[in-house]
Amino acid sequence: MPSTDGFEPILRGSLVYLRPAERDDIPLFVRWLSDARTTGHLAARSPIGLAMEERWFEDLLDHHGHDRWFFVICLLEDDRPVGSLDLREVGPTSGGAGLGIVIGDPADTGNGYGTDALRILLDFGFGELRLERMWLEVFDFNERALHVYQRLGFVREATLRHAIFHGGHHLDLQRHGILREEWAERRVATS
């Protein structure tokens with residue numbers, strides 16, 4: 001469904017679409033990544049500032065489309081940004097990539113935006129980039145995310161014991177992965 005102005009996003013799902021980050025997004029990223037409710041499920045250690053995020057953005061511009069892809073998740077209904085996701089460590093030889101996702105405002109969680117965005121990213125990675133495998137890491141206690149990843153077909157591959165120090169404790173990380181053929185089977189089964 002194209003918007004009223006005729007814009008039809010290339011990377012779109014049923015609820016959201018993905019677009020590249022713009023310099024104007026930086027203050028929003030700083031707000032999201034300085035909110036304890038959002039960063040409680042991320043490996044962030046402290047708030048970030050505009051200068052730090054501007055430096056990150058400049059680095060992103062050098063890598064986007066090569067060994068990294070970063071997208072802002074926007075609602076189809078009103079173009080409002082609700083989160084971001086990325087592919088990183090894209091290996092042209094191995095055909096693998098890590099991925100990460102964040103929904104910025106906790107009020108936007110539980111609406112299917114992240115699931116829809118991940119479907120778009122999986123289609124993009126396995127289709128357009130011809131990746132063979134994608135993986136992600138998630139805290140054991142992030143049950144909502146674990147449920148989404150498993151529902152999409154990710155398989156638990158490993159537990160990285162005491163892999164990260166967060167919130168005053170060493171925590172385990174779970175690594176989950178999905179192969180191109182597993183995603184293709186999942187897409188056929190749910191179509």
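Modeller: Let us begin with β1 and strand β2 (residues 16-20), which pair in the antiparallel sense over 2 bridges. Strands (E, at least two residues) and helices (H or I, at least four) are DSSP runs numbered from the N terminus, and two strands pair if DSSP finds at least two bridges between them. This is a predicted model, in which local features need pLDDT of at least 70 and side-chain atom pairs count only at pLDDT 80 or more, while totals for chains, interfaces and linings use all residues. Residues are numbered from 1 along each chain as its sequence is written, and side-chain values use heavy atoms, with hydrogens and water left out.

Biologist: Which residue in β2 is the bridge partner of Leu-11, and through how many residues does the hairpin join β1 to β2?

Modeller: The partner of Leu-11 is Leu-18, and the hairpin runs through 3 residues. Moving on, β2 and β3 run antiparallel and are joined by 5 bridges, with Arg-19 partnered by Val-72 in β3. Strand β3 (residues 69-75) then pairs with strand β4 (residues 81-91), again in the antiparallel sense, over 6 bridges. There, Phe-71 stands opposite Leu-85 of β4.

Biologist: In what order do the 8 strands form the open sheet, and which are the edge strands?

Modeller: The order is β1-β2-β3-β4-β5-β6-β8-β7, and the pairing is mixed. The edge strands, β1 (11-12) and β7 (155-166), each pair on one side only. As a general idea, side chains in a regular strand alternate between the two faces of the sheet.

Biologist: How should I read a helix, and which residues of α3 are buried?

Modeller: One may start with its span, for which the expected value is 1.5 Å times one less than the number of residues. Helix α3 has 14 residues and reaches 20 Å from its first C-alpha to its last, close to the 20 Å expected. For burial, the cut-offs are relative accessible areas: buried is under 20%, exposed is over 50%, and partly exposed lies in between (1.4 Å probe, protein chains only). In α3, Glu-53, Phe-57 and Leu-60 are buried. Seen down the axis of α3, these buried residues fall within an arc of 60° (taken from the directions from the helix axis to the C-beta atoms), so they line one face of the helix. Ala-51, Arg-55 and Asp-62, on the other side of α3, are exposed.

Biologist: What covers the buried residues of α3?

Modeller: The cover includes α1 (26-32) and β3, where contact means heavy atoms within 4.5 Å. Just after α3, Gly-65 takes a positive phi of about 85°.

Biologist: How many salt bridges does a search of the whole structure find?

Modeller: A salt bridge is a side-chain nitrogen of Lys or Arg within 4 Å of a carboxyl oxygen of Asp or Glu; the search finds 9. In one of them, Arg-187 meets Asp-123, with the closest N and O atoms 3.1 Å apart. Because Arg-187 lies in helix α6 (residues 180-190) and Asp-123 in helix α4 (residues 113-128), the pair ties together parts 64 residues apart in sequence.

Biologist: Which strands hold Glu-137 and Arg-175?

Modeller: The side chains of Glu-137 and Arg-175 meet in a salt bridge (2.7 Å, N to O). Glu-137 lies in strand β6 and Arg-175 in strand β8 (residues 169-179), so parts 38 residues apart in sequence are tied together. Glu-137 is partly exposed at 35% relative accessible area, and Arg-175 counts as partly exposed at 24%. Finally, Arg-68, Asp-86 and Arg-88 are linked in a network of salt bridges.
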